[in-house]
Amino acid sequence: MERSISILIFFLPYIFLSSVDFFGENLKVYAITPIIKKACDSSNIPRFCYDVLGNNDVAQFARNKFNLEYVLIQMAYSNYTNIHRKIMTITSNETNPNFKQIYKKCLHEYVLLKLNFENLSDTLFSKGNLDPPVREAANHVTICMVYFYNSPTIPNPFAQDNDNLLSFFDLIRSIYYNL
């Protein structure tokens, strides 16, 4: 009896570890409502759409185009604040003056981008055309990317972040036009 308890105690951590999903495969369950399906299927970036809307608790309660646009603008803004914080941190800690110069230029575009998010929200609530403010916001991100494109020897620690933010803008425009 004592031997079987000691064997159980020995194997218990292994049993627990084998049941844990380290890679999130079992946790990735999409809650796809009909409006999310329609929005994602009509977008030009359906995988991104399903990833962001299918995993968002608030998006599950969206019942119309306005709700989805609102959720996406909030998600994009949250993404923006994280990127902005990252750019500020990297810029302030950078010691190479050439790198720092490009990082500062990119940071400036992100400072300007904050106003575009305010404009996006105002336009959404006034039921205006979302295309111009989304394009203007995306323009700031694109300019940041161009700085690195024009300076290929300078590493771009924001490349993936910029791509993701542009995907949010693309999805907002897609829903605005297609839903």
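Against which helices do the buried residues of α3 pack?

A: Happy to take you through it. This is a predicted model, in which local features need pLDDT of at least 70 and side-chain atom pairs count only at pLDDT 80 or more, while totals for chains, interfaces and linings use all residues. Residues are numbered from 1 along each chain as its sequence is written, and side-chain values use heavy atoms, with hydrogens and water left out.

The buried residues of α3 pack against α2 (34-41), α4 and α7. Those buried residues are Phe 48, Cys 49, Tyr 50, Val 52, Leu 53 and Gly 54. Here, buried means under 20% relative accessible area, exposed over 50%, and partly exposed in between, with a 1.4 Å probe and protein chains only. Helices (H or I, at least four residues) and strands (E, at least two) are DSSP runs, numbered from the N terminus. The chain has seven helices and zero strands, and buried residues make up 36% of its 179 residues.

Let us turn to α3 and α7. Their axes come within 10 Å and cross at roughly 90°; axes are lines fitted to C-alpha atoms, for helices over the stretch in contact, and angles run from 0 to 180 degrees between N-to-C directions. The two helices are therefore roughly perpendicular to each other, on a scale where angles under 35 degrees count as roughly parallel, over 145 as roughly antiparallel, 65 to 115 as roughly perpendicular and the rest as oblique. From α3, Phe 48, Cys 49, Val 52 and Leu 53 meet Asn 164, Ser 167, Phe 168, Leu 171 and Ile 175 of α7, where contact means heavy atoms within 4.5 Å. The residues of this contact divide into seven nonpolar, two polar and no charged. In that count Ala, Val, Leu, Ile, Met, Phe, Trp, Tyr, Cys and Pro are nonpolar, Asp, Glu, Lys and Arg are charged, and the others, Gly among them, are polar.

Now for the rings. The structure holds 13 aromatic pairs, and one of them joins Phe 48 and Phe 168 edge-to-face, at 5.1 Å centre to centre with 85° between the planes. This pair links distant parts of the chain, with Phe 48 in α3 (residues 46-54) and Phe 168 in α7 (residues 159-178), 120 residues apart. Rings of Phe, Tyr and Trp (its six-membered ring) pair if their centres lie within 6.5 Å; planes under 30 degrees apart count as stacked, over 60 as edge-to-face and the rest as tilted. Phe 48 is buried at a relative accessible area of 17%, and Phe 168 is buried at 5%.

Another pair is formed by Tyr 77 and Phe 117: the ring centres are 5.3 Å apart and the planes stand at 75°, so this pair is edge-to-face. Here too distant parts of the chain are linked, Tyr 77 lying in α4 (residues 65-93) and Phe 117 in α5 (residues 97-125), 40 residues apart. Tyr 77 is partly exposed, with a relative accessible area of 29%, whereas Phe 117 counts as buried at 3%.

Finally, the charged end of Lys 65 sits over the ring of Tyr 176, 4.7 Å from its centre. A charge sits over a ring if NZ of Lys or CZ of Arg is within 6 Å of the ring centre and within 35 degrees of the ring normal.
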